[in-house]
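Dear colleague,

Please find below the structure that I am handing over to you. My findings follow directly after it.

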Amino acid sequence: MSGTGLLGLTFLLSGGSISRVAPAGNPPVQRSADPAQQRIQQLEDQLATVHTQQSRQLLAGSMVALIVMAVVSLLLGRVLAKRVLRPLRLITSATRRISADSLDRRLAVTGPADEVKDLGDTIDELLERLEASFAAQRRFVANASHELRTPLATIRASLDVAGAKPDPAPSTVALADRVRTQLDRVDHLLDGFLVLARAQHGTPADATMVDLGDLIGTALHERTTDAKTKRLKVTVDVPPATATQGSPALLARMVANVIDNAVTHNEHGGWIEITGSASEEETVLVVETGGRVLDQQEVDRLSQPFERLGGERIGSSGLGLSIVAAVAAAHGGRLALLARPEGGLCVSITLPVSKVPAAA
């Protein structure tokens with residue numbers, strides 16, 4: 001805009017000199033008969049012509065200079081803008097890499113005490129408060145789960161004592177059986193809470209190389225006594241090299257939950273297909289089941305605690321797949337749930353082969 005204004009000012013200043021020259025086609029100016037006056041008049045015409053040419057050259061040169069400087073200004077402005085905004089891009093990139101499982105990371109912006117450093121320090125303070133809040137929540141879940149086991153054990157012992165008395169009343173036996181069933185469900189729920197809190201606590205300390213094929217075999221062997229498992233067609237295609245580095249206990253619970261979910265929520269006489277693949281960087285475990293057609297929006301919510309398909313609550317604590325997602329995230333992996341168009345569910349777990357997040 002400044003260059004355009006300067007060009008306009010140049011045009012206005014040169015316009016008065018250009019207007020002195022008689023335009024082409026106009027009648028010639030009457031000249032004096034005196035030779036001296038004629039000589040003076042010729043010199044004035046020559047000066048006017050030279051001045052007009054110079055004004056036009058100045059105008060054309062100014063326009064060319066304006067175009068060149070506009071291009072140069074855009075390029076320099078882009079370079080300077082990138083240089084000035086580089087700290088903000090670094091802050092944005094670092095913030096995107098921070099998740100609920102890596103709140104211990106900090107931006108640690110260096111440099112002069114300016115607005116960018118103030119922004120980085122403010123984000124670090126926010127992350128510190130979030131980390132403390134998440135840690136307090138996980139400690140509460142773990143502590144509450146531990147504390148609740150004592151009264152549950154006392155209730156179970158009281159039921160056993162009441163049932164062991166000679167000739168107990170039938171109503172007492174029936175009530176004890178119902179209460180034991182609910183106690184087993186609460187124990188299973190508390191165990192899920194403890195595993196979930198442990199998985200969300202951070203990187204496992206007992207990380208070692210674990211063969212997922214062995215874990216799958218163990219999980220299937222534990223379900224062989226289940227009558228429903230015997231009615232299912234189970235296909236396993238997991239190469240021996242399908243391994244990852246992590247906690248054996250957590251990974252075993254993750255695999256067991258996936259297989260238990262595939263068995264529990266399968267249809268009568270259905271099928272389960274378990275496949276595995278490994279590359280130099282990651283290991284992928286896929287468990288597919290048949291069944292009714294599911295809504296993808298409902299399937300996406302299954303990785304959250306206490307979420308069930310259609311609100312069903314029988315035989316499910318609502319923590320199975322959420323524990324799988326937490327264990328996968330704790331090992332630097334991810335869980336993907338996909339509703340099969342033909343019906344059923346496809347559960348895909350991707351884990352790094354030998355890379356686990358750095359311990360806090």
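On helix α5, the exposed residues Asp-214, His-221 and Glu-222 sit on the face turned away from the buried side of the helix. This is a predicted model, which should be kept in mind throughout. The buried residues of α5 are Leu-212, Leu-215, Ile-216, Ala-219 and Leu-220. They lie on the same side of α5, because they cover an arc of only 130 degrees around its axis.

Ile-216 belongs to the largest nonpolar core, which has 40 residues; together with Met-254, Val-255, Ile-259, Ile-274 and Ile-349, Ile-216 touches the most other members. Two or more residues of this core come from each of α4, α5, α7, β4, β5, α9, β6 and β7. The largest contribution, eight residues, is made by α7. Apart from this core lies another, of nine residues, including Ile-91, Ile-98, Ile-123 and Leu-127. In general, nonpolar side chains in soluble globular proteins tend to be buried together.

Not counting residues up to four places away in sequence, Met-254 touches Val-324, Val-327, Ala-328, Ile-349 and Leu-351.

Thr-289 is found in strand β5. Is Thr-289 buried or exposed? Thr-289 counts as buried because its relative accessibility is 9%, and the cut-off for buried is under 20%. With neighbours within four places left aside, its contacts are Ala-262, Asn-266, Trp-271, Ile-272, Arg-340, Gly-343, Gly-344 and Leu-345.

At Leu-85 the helix bends by about 45 degrees, and a proline, Pro-87, follows within four residues. Buried residues in α2 are Thr-52, Ser-55, Ile-91 and Ala-94.

Finally, some values for the chain as a whole. The protein chain has nine helices and seven strands. Of its 360 residues, 29% are buried. Among contacts between residues at least 6 apart in sequence, 71% join residues at least 24 apart. The chain exposes about 22800 Å², of which carbon and sulfur atoms supply 59%.

Yours sincerely,
A colleague

Conventions. Residues are numbered from 1 along each chain as its sequence is written. This is a predicted model: local features need pLDDT of at least 70, side-chain atom pairs count only at pLDDT 80 or more; totals for chains, interfaces and linings use all residues. Side-chain values use heavy atoms; hydrogens and water are left out. The bend at a residue is the angle between axes fitted to the seven residues ending there and the seven starting there. Buried means under 20% relative accessible area, exposed over 50%, partly exposed in between (1.4 Å probe, protein chains only). A nonpolar core is a set of buried Ala, Val, Leu, Ile, Met, Phe, Trp, Tyr and Cys residues joined through side-chain atoms within 4.5 Å. Contact means heavy atoms within 4.5 Å. Accessible areas come from the Shrake-Rupley method with a 1.4 Å probe; for residues, only the protein chains shown count as cover. The arc is that of the directions from the helix axis to the C-beta atoms.
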